[in-house]
Amino acid sequence: MSELAKLIAGWAQPGRVEWIGLRPERRVEMVKVNEAVISIGGLDGDRGRAGKRAVTLIQQ
């Protein structure tokens, strides 16, 4: 089983946000920000769309 598969299969644990990245347009580099505003469609300034996976959290 890959490391990613192990993380996905595990139970989520309490934690903290270490890094926030926004991708303003398709196929551009992510922009690291210190804070982000959450709206109905996801994170303001990100290209995510409502109804899709607007925010991805990865535990380590």
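Helices (H or I, at least four residues) and strands (E, at least two) are DSSP runs numbered from the N terminus. The model is predicted, with local features needing pLDDT of at least 70 and side-chain atom pairs counted only at pLDDT 80 or more, whereas totals for chains, interfaces and linings use all residues. Residues are numbered from 1 along each chain as its sequence is written, and side-chain values use heavy atoms, leaving out hydrogens and water.

View 1. L4 belongs to helix α1, which covers residues 3–9. Together with L7 and I8, L4 makes a nonpolar surface patch of about 300 Å². Patches join residues with over 30% relative accessible area and no salt bridge: like charges within 9 Å, nonpolar side chains (Val, Leu, Ile, Met, Phe, Trp, Tyr) within 5 Å. Accessible areas come from the Shrake-Rupley method with a 1.4 Å probe, and for residues only the protein chains shown count as cover. L4 counts as exposed because its relative accessibility is 52%; buried means under 20% relative accessible area, exposed over 50%, and partly exposed in between (1.4 Å probe, protein chains only).

**View 2. Salt bridge E3–K6.** The structure holds two salt bridges, each a side-chain nitrogen of Lys or Arg within 4 Å of a carboxyl oxygen of Asp or Glu. In the one between E3 and K6, the closest N and O atoms are 3.4 Å apart. E3 and K6 are three residues apart in helix α1, so about one helical turn separates them. E3 is exposed at 57% relative accessibility, while K6 is partly exposed at 44%.

**View 3. Salt bridge E18–R16.** Side chains of opposite charge can pair when their charged atoms come close. Here the closest N and O atoms of E18 and R16 are 2.6 Å apart, and both residues are exposed.

**View 4. The largest pocket.** This pocket holds about 1200 Å³ of space. On a 1 Å grid over the protein atoms alone, a pocket is an open set of points with protein on both sides within 12 Å along at least five of seven lines, where lining residues have an atom within 4 Å of a point. Grid points are joined across faces, edges and corners, and the volume is the space filled by probe spheres set on them. Of the 28 lining residues, W19, V55, T56, L57 and I58 lie nearest the centre. The lining has 13 nonpolar, seven polar and eight charged residues; Ala, Val, Leu, Ile, Met, Phe, Trp, Tyr, Cys and Pro count as nonpolar, Asp, Glu, Lys and Arg as charged, and the others, Gly among them, as polar.

Definitions and conventions
On a 1 Å grid over the protein atoms alone, a cavity is a set of points where a 1.4 Å probe fits but cannot get out, and a pocket is an open set with protein on both sides within 12 Å along at least five of seven lines; lining residues have an atom within 4 Å of a point.
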